Amino acid sequence: MSTENHAYDASAIQVLEGLDAIRKRPGMYVGSTGERGLHHLASQLACHAMNGVLAEGGGRVDVTLLSDGGFRVRSEMSADPVEFSMLLTDFSFCFGTGARRGEIMLATPGMLCAVNALSARTELEVRQDGIRWEAGYARGRTVKPVTDAGAAEGSSVTVAFWPDPEVFDTTQFSQQVLADAYRQLAFLYRELSVTFTDERGPGEPRALGFGGDLRGFVAHLDGEESPDVIGFGCDDPRMPGELEVALRWRPGGGEAREWSFANGFRTEGGGTHVEGLRRGLRAAVSSYGSRRELRTAGAPEIAWDRISDGLTAVVSVKLDDHLSFEGAIRDKLGNPAVAPCVEEAVRDHVTAWLETHPAEADALVGRMLLG
């Protein structure tokens with residue numbers, strides 16, 4: 001080993017300014033330079049567009065995989081062209097704007113700068129107040145400032161980017177991965193209408209339209225339309241925010257399917273909203289079984305694996321306040337106020353359904369009790 005001393009002082013520190021820091025360390029911003037990081041960029045752009053539309057009460061978002069390898073998002077929203085250009089170029093401009101109720105938390109402040117910095121080319125079009133504004137960028141640097149490009153109707157923002165092959169190991173987007181993600185968000189946010197078009201490959205472009213609600217989500221998970229989906233939602237100031245639940249029991253039983261979300265983010269580890277769901281279902285089923293004398297007084301509590309046999313359930317909460325997560329990978333909701341709110345809503349609504357569908361309810365609860 002060399003015994004030579006190596007001095008380390010301020011002269012050894014490399015200061016990266018602007019978007020150069022993102023290009024120097026892309027993994028810090030998108031997690032990977034592989035397919036996962038590529039799709040993270042695409043989802044960031046789409047989710048920012050969806051949040052913009054949701055802030056104005058809802059509307060349409062069009063996502064397109066372009067034939068030349070680009071990714072384009074057009075959203076029906078209003079925007080100042082200069083300010084939107086700053087979202088793409090000035091990392092500090094993206095913070096401190098404040099959160100809106102239930103906005104999709106997948107959209108991280110500052111990530112539009114990452115989209116721009118990690119793209120070989122980015123194009124912006126804003127239609128506002130009868131004028132079409134355009135701007136262009138290359139690897140994060142402005143090559144065409146915001147420019148008046150003539151008259152236009154309506155209000156919309158369109159951003160297209162072409163991922164930089166100098167950064168990413170692959171620049172090929174997966175239609176299936178992205179379609180599944182946008183379909184899911186369209187179910188969770190009924191105010192959104194999402195179209196997804198793939199212009200790559202021979203033949204006519206494949207266009208998919210997504211929309212609906214949690215009832216439709218349950219039907220999608222089960223692979224069949226069903227009239228017996230129980231669905232409800234309500235605001236609850238104790239959380240504070242809103243909750244929505246949809247569920248059904250499949251006639252043939254089978255493994256439980258529980259999907260949970262917090263502000264559009266899938267919480268695969270469950271959390272307080274899932275705890276509330278389970279407690280509410282247990283209370284509704286146990287109470288109904290006792291009233292109908294399907295279970296005797298003092299009988300042991302119905303095991304959860306019996307209640308959840310054949311269950312497909314989706315629970316979604318959209319909170320106004322700070323989301324709290326447990327664990328290093330942030331996949332388990334920790335907000336304690338959520339559990340009793342979900343429990344109460346599930347207990348009341350499922351009880352009402354059981355009482356108004358006695359034939360189906362007797363068969364269902366009887367199956368749970370008999371095992």
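Let's start where two helices touch: Val285, Tyr288 and Gly289 of helix H8 meet Pro358, Ala361, Asp362, Val365 and Met368 of H11, contact being heavy atoms within 4.5 Å. Sorted by class, the H8–H11 contact has 6 nonpolar, 1 polar and 1 charged residues; here Ala, Val, Leu, Ile, Met, Phe, Trp, Tyr, Cys and Pro count as nonpolar, Asp, Glu, Lys and Arg as charged, and the others, Gly among them, as polar.

Before going on, note that this is a predicted model, where local features need pLDDT of at least 70 and side-chain atom pairs count only at pLDDT 80 or more, while totals for chains, interfaces and linings use all residues. Residues are numbered from 1 along each chain as its sequence is written, and side-chain values use heavy atoms, with hydrogens and water left out.

Back to the helices (DSSP runs of H or I, at least four residues; strands are runs of E, at least two, and both are numbered from the N terminus). The axes of H8 and H11 (residues 358–370) come within 10 Å and cross at roughly 105 degrees. Axes are lines fitted to C-alpha atoms, for helices over the stretch in contact, with angles from 0 to 180 degrees between N-to-C directions. That makes H8 roughly perpendicular to H11, a label for 65 to 115 degrees (under 35 is roughly parallel, over 145 roughly antiparallel, the rest oblique).

H8 (residues 272–291) also meets H10 (residues 338–356): their axes come within 7 Å and cross at roughly 35 degrees. This contact has 12 nonpolar, 5 polar and 6 charged residues.

Now for the sheet. Five strands make an open, mixed sheet in the order S9-S10-S13-S11-S12, where two strands pair if DSSP finds at least two bridges between them. S9 (230–236) and S12 (265–266) are the edge strands with a single partner each, so one side of each has no neighbour in the sheet. Further in, S11 (residues 257–262) and S13 (residues 311–319) pair in the parallel sense over 6 bridges; arginine 257 has threonine 312 in S13 as its bridge partner.

A couple of backbone details are worth a look. Methionine 239 and proline 240 are joined by a cis peptide bond, with omega about -10 degrees, and proline 240 sits in the loop between S9 and S10 (241–249). Aspartate 129, though not a glycine, has a positive phi of about 55 degrees; its place is the loop between S3 (119–128) and S4 (131–138).

Finally, confidence: pLDDT, the predictor's per-residue confidence from 0 to 100, averages 91 over the chain, with 92% of the residues at 70 or above. Over residues 95–99 the pLDDT is below 50, and this stretch has 2 contacts in the model beyond near neighbours in sequence.
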